[in-house]
Amino acid sequence: GNVKLDAAPTPKHIDLVLPDRTLKGIYGVDGATLKIAYTLEGDARPSEFASKPDSGVVLVVHKKAN
């Protein structure tokens, strides 16, 4: 797949383009931490970095190794 980034909006937008669908999300970088939240289904884009039960939102947090 491909990744499309748009740093203009707040929070920044990320689209994970897969062969059968596009996962819409948001991303943010704070120092050595990268946060990505995306929806598994539909066209809705998350508005916050949170994953609540049954929300269909996946939250991934990456921290740079020392």
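These notebook entries record what I looked up in the structure.

**Entry 1. Basis**

I worked from a predicted model, in which local features need pLDDT of at least 70, side-chain atom pairs count only at pLDDT 80 or more, and totals for chains, interfaces and linings use all residues. Residues are numbered from 1 along each chain as its sequence is written, and side-chain values use heavy atoms, with hydrogens and water left out.

**Entry 2. Strands and pairing**

I took the strands from DSSP, where strands (E, at least two residues) and helices (H or I, at least four) are runs numbered from the N terminus. I counted two strands as paired if DSSP finds at least two bridges between them.

I looked up strand 2 and strand 3, and found them antiparallel over 6 bridges. They form a hairpin with 4 residues between them. Within this pair, I noted Val17 opposite Thr22 of strand 3.

I then followed strand 3 to strand 4, which also run antiparallel and are joined by 6 bridges. Their hairpin has 2 residues between the strands, and Gly31 in the turn shows a positive phi of about 65°. Gly28 has Lys35 of strand 4 as its bridge partner.

On the next pairing, I found strand 4 and strand 5 antiparallel over 7 bridges.

**Entry 3. Burial and the core**

For burial I used relative accessible area: buried is under 20%, exposed is over 50%, and partly exposed lies in between (1.4 Å probe, protein chains only). By this rule 5 of the 7 residues of strand 4 are buried, so I recorded the strand as largely enclosed by the rest of the structure.

I next looked for a nonpolar core, meaning a set of buried Ala, Val, Leu, Ile, Met, Phe, Trp, Tyr and Cys residues joined through side-chain atoms within 4.5 Å. The largest one has 6 residues: Ile14, Leu16, Leu23, Tyr27, Ile36 and Tyr38. At least two of its residues come from each of strand 2 (12-17), strand 3 (22-30) and strand 4 (33-39).

Beyond its neighbours within four places in sequence, Leu16 touches Asn2, Val3, Arg21, Thr22, Leu23 and Tyr38. Tyr38 sits in strand 4 and is buried, because its relative accessible area is 16%.

**Entry 4. Salt bridges**

I counted a salt bridge where a side-chain nitrogen of Lys or Arg is within 4 Å of a carboxyl oxygen of Asp or Glu. The count came to 2.

One joins Asp15 and Arg45, with the closest N and O atoms 2.9 Å apart. This pair links distant parts of the chain, as Asp15 is in strand 2 and Arg45 is in the loop between strand 4 and strand 5, 30 residues apart. Asp15 is buried at 17% relative accessibility, whereas Arg45 is partly exposed at 25%.

I also recorded a salt bridge between Lys52 and Glu48, at 3.0 Å from N to O. Glu48 is partly exposed, with a relative accessible area of 40%.

**Entry 5. Surface patch**

I searched for patches, made of residues with over 30% relative accessible area and no salt bridge, like charges being joined within 9 Å and nonpolar side chains (Val, Leu, Ile, Met, Phe, Trp, Tyr) within 5 Å. Phe49, Leu59 and Val61 form a nonpolar one, together giving about 210 Å² of accessible area. Such areas come from the Shrake-Rupley method with a 1.4 Å probe, and for residues only the protein chains shown count as cover. Leu59 lies in strand 5 (residues 57-63) and is partly exposed at 33% relative accessibility.

**Entry 6. Backbone details**

I found a cis peptide bond between Thr10 and Pro11, with omega about -5°. Pro11 lies in the loop between strand 1 (2-6) and strand 2.

I noted that Asp54 has a positive phi of about 65° although it is not a glycine. Asp54 is placed in the loop between strand 4 and strand 5, and it counts as exposed at 84% relative accessibility.

How values were computed
Contact means heavy atoms within 4.5 Å.
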